[in-house]
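Here are my notes on this entry. Please read them with the model open.

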Amino acid sequence: MKKDIQDKFSKWPFFNEKGFLTVAGPCSAETYEQVMTTAEQIHQLGIKVFRAGVWKPRTRPGSFEGVGKEALDWMLEAKRKYGLKTTVEVANRQHVLDALEKEVDILWIGARTTVNPFTIQEIADTLQGIDIPVLIKNPVNPDVDLWLGAVERLEKAGVTRVGAIHRGVSQFNKSLYRNKPEWEMAIEFRKQRPDLLLICDPSHISGNRDLVPLIAQTALDLMFDGLMIETHLSPDNAWSDARQQITPMQLKLLLDELVVPVEFAEGIELSGFEDLRNVINDIDNQLIQLLSERMTIVNDIAHFKKAHNLAIFQEKRWNQLVAQHLENGKSKGLSTQFIQKIFNAIHAESIDKQGQVFYKK
Ligand code: PEP
Ligand code: MN
């Protein structure tokens, strides 16, 4: 078993035999039947903590905002029937009071709430003297202090079981992920608070169910203590976050296939090295995705050029671009030779691709 896990195990006694903790359940509680059937299937997988959003923080108005308080009765029934621990998101005093009344076992604080110290303080004040476990998601912006601040506010209120959930951060530019993983942020959080449970939410990082297994494995490779994975009976028909949810059967396959890295030998400080390697893997995946997107655009450009009788090779534009990239690369500490080589390779492939469009029989 991983170092520190023994301590964490006593506070969070929900670890599986592979040595990590799983929280699963739908993004949102939708209907009584959905909650009960999902809970039953999650329970059959041996998972002990069942999640469902009851109040949903939606970015734009007009989307499904959760069933509200009524769904807490369904969660309570599922908890009693299947012996599960339940967790719901709370974002204000009333949510906390309602969740406590309906015997929710673990509260979780969402990423849009962690950003606001006033709201966190309101939740902490409500919990004064009530020692319920609380999981805190990282804020939507990459600010470790804000995340730590939320932890400290709850601890000051007397909450002794605070855990953290890493769910990535917002970004302006479109990327492979819905929320950029920013693994360094979680690594920094753990460096500051190695005593706290730290789990990963691959569903909200990916925004896309195909990527969930890869992110879950990366999280375990980075020595996270567990995973929160959105699970829905019919993901495509989910009332929120349809693209990122997986079925209980897919969750079973995912959990079976996850490989838990072995503990490093005592006295050899390699874990920082492994963290760095995983960050590199992540960056390389992004590079490949970007190259693929670039080549798709090259293909569109080739069709445009062909239709307007333009030459494939536009020398003036290319020279301007390379000059800009060299300048930009230099300012970021990258050698001229390196940038030159990379763009020569990209250019050669682009010309080749365009040739295929131009001279296709
Ligand atoms: C959720 O878990 O459904 C959710 C709203 O997450 P986040 O706060 O990470 O966006
Ligand atoms: Mn969700």
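Which residues point one way from strand 7 (residues 197-200), and which the other way?

1. Leu 197 and Ile 199 point one way; Leu 198 and Cys 200 point the other way. All are buried, that is, under 20% relative accessible area, with exposed meaning over 50% and partly exposed in between (1.4 Å probe, protein chains only). Strands (E, at least two residues) and helices (H or I, at least four) are DSSP runs, numbered from the N terminus.

2. A basis for reading these points: this is a predicted model, where local features need pLDDT of at least 70, side-chain atom pairs count only at pLDDT 80 or more, and totals for chains, interfaces and linings use all residues. Residues are numbered from 1 along each chain as its sequence is written, chains are lettered from A and ligands numbered from 1 in the order written, and side-chain values use heavy atoms, without hydrogens and water.

3. Strand 7 pairs with strand 6 (residues 162-166) in the parallel sense, over four bridges. Pairing requires at least two DSSP bridges. Gly 163 stands opposite Leu 197.

4. Strand 7 also pairs with strand 8 (residues 226-230), again parallel, over two bridges. Here Cys 200 has Leu 227 as its bridge partner.

5. Now the metal. Cys 27 (SG), His 204 (NE2), Glu 230 (OE) and Asp 241 (OD) coordinate the manganese ion (ligand 2) at 2.1 to 2.4 Å. Donors are N, O and S atoms within 2.8 Å of the metal (3.2 Å for Na, K and Ca); water is not among the atoms, so sites may look incomplete.

6. The donor spacing is C-x176-H-x25-E-x10-D. Cys 27, in the loop between strand 1 (21-25) and helix 2 (32-44), and His 204, in helix 9 (residues 202-206), are 177 residues apart. Cys 27 is buried at 2% relative accessible area, and His 204 is buried at 8%.
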